Amino acid sequence: MNDTQILELTPSVNWIGVLDPDLVTFDVVMATQYGTTYNSYFIDAEKKTVIDTCKEQFWPVYEAKLRKLCNPAEIQYIIINHTEPDHSGSLANLLKIAPDATVVGTGNAIRYLNDLLGFEFAHLIVKDGTQLGLGNKTLQFIGAPNLHWPDTMYTYLQEDRLLFTCDSFGCHYSHKGVFDDQVGGFDDAFKYYYDVILKPYSKFMLKAIEKIRHLDILMICPGHGPILRTYWKKYFDITEQYATAAMQLPNKNKVLIAYVSAYQNTGKLAELIAEGIRQADPALEPELFNLEGVSLEEVEQKLIEANAYIIGSPIINQNILLHIYQLFAMVNPIRDRNKLAGAFGSYGWSGDVMKIIEQNIQSLKLRFFGESVFIKFSPHEDGYRQCINYGRAFGLKMLEATGCEAE
Ligand code: FEO
């Protein structure tokens with residue numbers, strides 16, 4: 001449904017977002033079984049203000065909603081809490097009908113918008129703690145970087161006690177009721193969204209929570225999903241719990257040995273490397289993880305839990321296998337940065353191709369162990385020794401990093 005429904009939050013503030021119930025994937029990879037919403041808000045202050053916009057494809061319905069509330073030419077400020085195009089995609093169109101508006105965002109946000117828009121626009125860069133008077137209302141900006149891009153901030157409308165958080169405290173859940181007390185249960189969507197969008201940035205989530213904990217909040221108004229009008233504290237607490245739990249990971253002793261194997265040659269190498277790691281210190285926990293037939297969610301969970309990775313593939317058609325590329329797609333260079341990583345595998349006649357694994361390790365900001373074990377066809381006595389020695393050396397390097405000593 002995308003009629004021109006608007007919803008009043010307070011006498012001065014309306015939701016003018018759009019519903020996208022048919023969205024099946026977000027950012028190409030994230031399944032969205034409940035669709036999503038792109039929430040935007042209009043503040044009818046002396047200086048009329050819009051908070052965030054919506055995806056460009058919804059501009060016609062978005063414009064219609066806005067025109068129900070104001071003459072867009074009177075808009076003075078457009079606050080962009082986060083520049084990903086699901087929130088900023090209608091900004092160019094909005095600026096055409098609001099030519100006197102000043103775009104407000106963090107330094108990163110304004111830089112990104114310069115590139116996204118490709119034309120000059122009036123702007124104001126704000127920092128953590130900056131206040132902006134709207135005549136009879138006051139906005140306060142709260143730096144919340146990496147939630148979920150480096151540009152992110154929250155905006156607090158002091159007089160109405162509304163906190164606008166864009167991706168934070170949101171979820172992909174489309175329902176025409178829009179308010180949390182109208183849409184029914186959405187806890188599973190809220191957790192899934194946290195896991196996929198925000199979990200890698202849990203450290204930043206906890207910092208942001210500390211900044212807003214003291215605020216007098218009436219509602220949390222996110223950029224996706226239900227507006228948290230009645231149950232905002234529940235979702236605030238759940239988010240803190242998710243972030244705190246995520247910070248307990250990785251397990252400093254866990255080594256993920258992720259591989260695929262066509263004829264169990266690479267699989268045998270994996271077992272031998274694991275044996276070498278255990279020889280370095282029985283406290284280390286090598287985990288063999290065959291990537292064949294597992295979901296991307298499982299792969300990501302294993303990556304989160306482990307403190308080091310050793311990645312193995314056979315060569316087929318002069319390439320490593322798709323499963324390994326998919327694993328690399330799930331590595332997050334912010335979350336996983338500097339984790340120790342190595343490579344191994346079995347090849348027939350294209351040994352140099354194995355270097356693809358090493359190159360990916362380095363480009364994703366993992367800490368390359370410095371050597372790899374690539375064995376021609378099947379391991380025999382020499383190969384066994386090589387793999388066990390490799391595992392032992394890798395384990396000792398891990399102990400160095402964690403400051404432990406082998407017994
Ligand atoms: Fe909803 Fe990171 O955009």
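Me: How are H5 and H7 oriented to each other?

Reply: Two packed helices are described by the angle between their axes and the distance between the axes. Here, in a predicted model, the axes of H5 and H7 come within 11 Å and cross at roughly 40°, so the two helices are oblique to each other. Angles under 35 degrees count as roughly parallel, over 145 as roughly antiparallel, 65 to 115 as roughly perpendicular and the rest as oblique. Local features need pLDDT of at least 70, side-chain atom pairs count only at pLDDT 80 or more, and totals for chains, interfaces and linings use all residues. Residues are numbered from 1 along each chain, and side-chain values use heavy atoms, without hydrogens and water.

Me: Which residues in H5 and H7 meet?

Reply: Contact means heavy atoms within 4.5 Å. Asp187, Phe190, Lys191 and Tyr194 of H5 meet Lys234, Tyr235, Ile238, Thr239, Tyr242 and Ala243 of H7. By class, that contact has six nonpolar, one polar and three charged residues.

Me: And which residues touch the most other members of the largest nonpolar core?

Reply: In soluble globular proteins, nonpolar side chains tend to be buried together. A nonpolar core joins buried Ala, Val, Leu, Ile, Met, Phe, Trp, Tyr and Cys residues through side-chain atoms within 4.5 Å, where buried means under 20% relative accessible area (1.4 Å probe, protein chains only). In the largest core, of 62 residues, those touching the most other members are Ile75, Leu94, Leu147, Tyr154, Leu163, Phe169 and Met205. Helices H5 and H7 are among the elements giving two or more residues to this core. Apart from it lies another core of 30 residues, including Leu256 and Phe289.

Key:
Buried < 20%, exposed > 50% of the residue type's maximum accessible area, 1.4 Å probe, protein only. Helix = DSSP H or I, 4+ residues; strand = E, 2+ residues; numbered from the N terminus. Axes fitted to C-alpha atoms, helices over the stretch in contact; angles between N-to-C directions. Nonpolar A, V, L, I, M, F, W, Y, C, P; charged D, E, K, R; others polar.
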